[in-house]
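Here is a brief report on one protein model. It covers salt bridges, a sheet and the nonpolar cores.

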Amino acid sequence: MADLLLLPVVRTAAGKAADAVVRRMTGMWGIDDDRLKLERQLLAVQCKLADAEIKSETNQYIRRWMKDFRTVAYEANDVLDGFQYEALRREARIGESKTRKVLNQFTSRSPLLFRLTMSRDLNNVLEKINNLVEEMNKFGLVEHAEPPQLICRQTHSGLDDSADIFGRDDDKGVVLKLLLGQHNQRKVQVLPIFGMGGLGKTTLAKMVYNNHRVQQHFQLTMWHCVSENFEAVAVVKSIIELATKGRCELPDTVELLRVRLQEVIGQKRYMLVLDDVWNEEVRKWEDELKPLLCSVGGPGSVILVTCRSRQVASIMGTVGLHELPCLREDDSWELFSKKAFSRGVEEQAELVTIGKRIAKKCRGLPLALKIMGGLMSSKQQVQEWEAIAESNIGDNIGGKYEILPILKLSYRHLSAEMKQCFAFCAVFAKDYEMEKDILIQLWMANGFIQEEGTMDLAQKGEYIFYDLVWRSFLQDVKVNLRRFIATSYESIGCKMHDLMHDLAKDVAHGCVTIEELIQQKASIQHVRHMWIDAQYELKPNSRVFKGMTSLHTLLAPSKSHKDLMEVKGMPLRALHCYSSSIIHSPVRHAKHLRYLDLSWSDIFTLPDSISVLYNLQTLRLDGCSKLQHLPEGISTMRKLIHLYLFGCDSLERMPPNISLLNNLHTLTTFVVDTEAGYGIEELKDLCQLGNRLELYNLRKIRSGQNAKKASLHQKHNLSELLLCWGRRKSYEPGEEFCNEEVLVSLTPHSKLKVLEVYGYGGLEISHLMGDPQMFRCLRKFYISNCPRCKTLPIVWISMSLEYLSVANMGNLTTLWKSIKAEAEGYSTLLQFFPKLKEIVLDELPILERWAENCAGEPNSLVMFPLLEKLTIIKCPKLASVPGSPVLKDLFIKECCSLPISSLAHLRTLIYLAYDGTGPVSTSMSLGSWPSLVNLEVTSLATMMMVPLEDRQNQSQIPLEALRSLTLNGPNCFAKTPVLSKLHHVLWECFAFVEELKIFGCGELVRWPVEELQSLAHLRYLAISLCDNLKGKGSSSEETLPLPQLERLHIEGCISLLEIPKLLPSLEQLAISSCMNLEALPSNLGDLAKLRELSLHSCEGLKVLPDGMDGLTSLEKLAIGYCPRIEKLPEGLLQQLPALKCLCILGCPNLGQRCREGGEYSHLVSSIPDKVIRLEEYRVTSTQKEPNTKKFLRRLLPSCGADYNN
């Protein structure tokens, strides 16, 4: 049953009715009496809503009344919004010409018309509320009723020995180790087990509690289920009874109970389980219960707490916390199948397939797996299983009456604001990744959150978001890198567990997707928040919005949703769409709109009419690469808090007087110009700017004094700053004068986390950060296209830097100069960047040294203690790589002074890419990298010659960990069919490789059968753009000696004539752009495991082999642009009905046979996903052709084919 959530709606309306701006407007027009009546009525209702909420559970009449009142409360919000909007409009008109003001007297915005309209609307809504209040007074509701009592469940320590518990052995081991490892601790330790409802926290606690080692270790073990009652008296009384195994008759006097507790426990080493704790009041634990429980017991005593809230865990825990994860997929299936196939239901293949889909829906939640497994044990028919698999878990009996009530316990502990914010998440599809900032801004737009004390809306939203994460309503929180053509920024994403999504759907009101609306699973009249999936195409005149009158949120993030004109008459608060037409006349819904997202639209300019969106809080224009201008009147939008312009690379300058937007918290991009009102000084009054700020065209700043007016050092909420002297990051300064004072004047505050500098034309940049305090919080530093700079800022002393990128610095010879190692107290290695994890060096033509001492001499005692990834490109004079004990990834390209032998000391490498342009080393042993997993080289034969005698003396293969090998370029293969001993030894080093990619090896003429014989573990082989590879050119019985090969991809080998026989392990074969290929492997029909076969742009291929009836596992067949293939062999025809996907494109005769009425139509009619097009073959052998991956992605999107090249 949907939660009515009436209280926050009424509270918001009452707050607006009392707002000073609304009072001023209604007083001005003589209708303040009606406003005051409305305010009083709303407050009167608000006082009785708690009681109404309780009684609505059993009284449907009251529930119906609450629904009606909610509708009217929303109407009241809209009317009061109108007054606030009018006040903002009048403020924006200050300074208008008299002529314009006179004209406004005769338009729809005339004072007379406004007064008449708003008076009528206010009177109408007041009349409705009066009627509903009269009705409410008959219910006998009580003011300030106690909140509904939550059902307190009782748990016990007993563990059913016959019950199977899956996937918790590791968790049990961790908790046992923590419990038993506290024996030396004199103070009582507290260990919380934390996780969402239904994960099995109580079960894990029971497993630990009943463990024989625990029972032997502790002198006293006790189990108390806390649930809602965290009062000290109740808990201590229960513990006394547990310790004495008798009733405690003492009165409820804390001191008497404390003395008795001391008597019964004394100095015994005890373990107490406090199960199902909900208390989040620090005082109740720290001041009341903790002093009592922790004042007794001997060394090694432990309290084990289970809770759903991370807040509870953080308040009580002393030895960290154990967060219980969801079960792994194999454990989930084991638990589900044990229940499902336990009452006579046979474990047949079809039910197993469907059952795995049902188990996957449970997303590793043991409670759901048990209940759904038990439900399926009563269903014998395949159709019954299929019906459950197609439904939401929350929609069936087990989910609705057993799973959701458990999760709803957590929901009931949320505040009214948090309930609204959580329920709103139901508007998104399952498994959709929500972006934190967008989610908060949508909450703000809909009025779900209110300012509190000194906490503004954005801060309050952050608090609610992380509180929901702590309570497991939101999960999978991670940092994502959002990339645009010329910039990128970090954002925080999150998801909801599928069952939490079911809960949100259960309690939400009016949140729907377009699919639910079309399937008539939701009532149009009640829709307030709507999501249109990007895959759904909203056709013109679809009339999908017909009948909607109360839509507040419309999220339609797809370019296929172009016809959204119907929404213009609705009281939208939030709109996300690509349609540029909808923004050209926004007046009809301007009063209410708070959030507008037009990201990735093809707009060139925003119309001036956008400036009448006076209530707008968030404007997102990310990725609008064609946008050149913002409306000049944007400075009148005083409520604007967030303005996103990432990726607006064509934006020529900012609108004038942007400094008037003093509520701005986010301004991602500022393009400097020279005219008054467009300069850098416009940033001065934007004191609340935070997160990321990108400044472009800094070369147009006239002086350092001018730059200082931006007051960057005072903008303490900024965490990322980009300084670019051109309009693009690729800007390279010419001979023009560069004022170095400008750079100094733009010095930010010392807590900055990311700093980027591009196109600076000065001689010195080190003084930008002369103060070492500048580096104390810096995590990332980028510098590029600064051709005159000979030094870098002294970032090497940073204790926080994790990422460093230096590029296109033509005058840089040494990264760090004048290093006084002795003065710093270093006697051996000087540790640069103690936290640095990644370095990128790109196009540094005269860079020779990593560091030098104060005498200008090279310093070889350089080390990066935490460096994991190093990229060096086009640094021709650099001849060494410094040490790092944890370096994993190394990429080197076009560094002709850097021999591969200079990398021998990097023994922790996992990934190495080396293009072979450095000096040849003939004594390099591959055993230098025992942990190497992925190797990419361009000249294998000349780079990595292993002395034969060294290899023969080795007891084991030197590259035992290597799993992926990429050969890209000449000299990777022997030019004769018979390999030398040296080459045999070399390829034996790759014995454990599972993935081999061969690109552009021009010397490869024959199939490298001799080399491949060493690769007994190879599972994936890709050969691309090897122009001279022919095979033998005649019929052959040669076989690829790869007994475990599963995937073979061949692409762009234009001379290839034939392919050897393949072994029966193959599951996927893709051949693309091999124009001269005449025949497929002769034994293709014998590959019983082959699931996918793709042929694309093979002009010379006329027929497929006979005898393909052996392809019994074939699921996907794609043939594109092979015009000479006209028929399918008889054996393959027999397999067609069993296919899941079929694609025939650009094969006119074959396509005609497969189309309706064709020779093969009866065989392909049952295939679920098929694409058959007769377009003529137009690609010639000289054209660059699309690869197999693009081919299948475009034609078989629903098949989910994974063709990785």
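## Salt bridges, sheet and cores

Arg 35 is buried, at 3% relative accessibility. Its salt-bridge partner is Asp 32, with the closest N and O atoms 2.5 Å apart. Asp 32 is partly exposed, at 25% relative accessibility. Both residues sit in helix 3 (residues 32–56), 3 residues apart, and are separated by about one helical turn. The model is predicted.

Arg 260 and Glu 263 repeat that spacing in helix 11 (residues 254–265): they are 3 residues apart, or about one helical turn. Their side chains meet in a salt bridge. Arg 260 is partly exposed, at 31% relative accessibility, and Glu 263 is exposed, at 53%.

A further salt bridge joins Asp 673 to Arg 653. Asp 673 lies in the loop between strand 17 (669–671) and strand 18 (691–696), and Arg 653 in the loop between strand 15 and strand 16, so the pair ties together parts that are 20 residues apart in sequence. Asp 673 is buried, with a relative accessible area of 14%.

| Salt bridge | Closest N to O distance |
|---|---|
| Asp 32 – Arg 35 | 2.5 Å |
| Asp 673 – Arg 653 | 3.3 Å |

The structure holds 53 salt bridges. Shared partners link Lys 16, Asp 78, Asp 81, Arg 573 and Arg 594 into one network.

Strand 15 (residues 642–644) runs parallel to strand 16, joined by 2 bridges. Leu 643 stands opposite Leu 667 of strand 16.

The loop between strand 15 and strand 16 also holds Asn 657. Asn 657 is partly exposed, with a relative accessible area of 37%. Beyond its neighbours within four places in sequence, Asn 657 contacts Ser 635, Gly 677 and Glu 682. Its C-alpha atom is 8.6 Å from that of Glu 632, 25 residues away along the chain.

Which residues have the most contacts inside the largest nonpolar core? They are Met 530, Leu 621, Leu 667 and Phe 990, in a core of 190 residues. Domain 1 (3–137) and domain 4 (934–943 + 957–1195) each supply at least three residues to this core. Another core lies apart from it, with 91 residues, among them Ala 359, Leu 414, Phe 424 and Ile 464.

Definitions and conventions: Residues numbered from 1 in each chain as written. Predicted model: local features only at pLDDT ≥ 70, side-chain atom pairs only at ≥ 80, totals over all residues. Heavy atoms only, no water. Pairing = 2+ DSSP bridges. Helix = DSSP H or I, 4+ residues; strand = E, 2+ residues; numbered from the N terminus. Buried < 20%, exposed > 50% of the residue type's maximum accessible area, 1.4 Å probe, protein only. Contact = heavy atoms within 4.5 Å. Core = buried A, V, L, I, M, F, W, Y, C linked by side-chain atoms within 4.5 Å. Domains from an automatic or database assignment. Salt bridge = Lys/Arg side-chain N within 4 Å of Asp/Glu carboxyl O.
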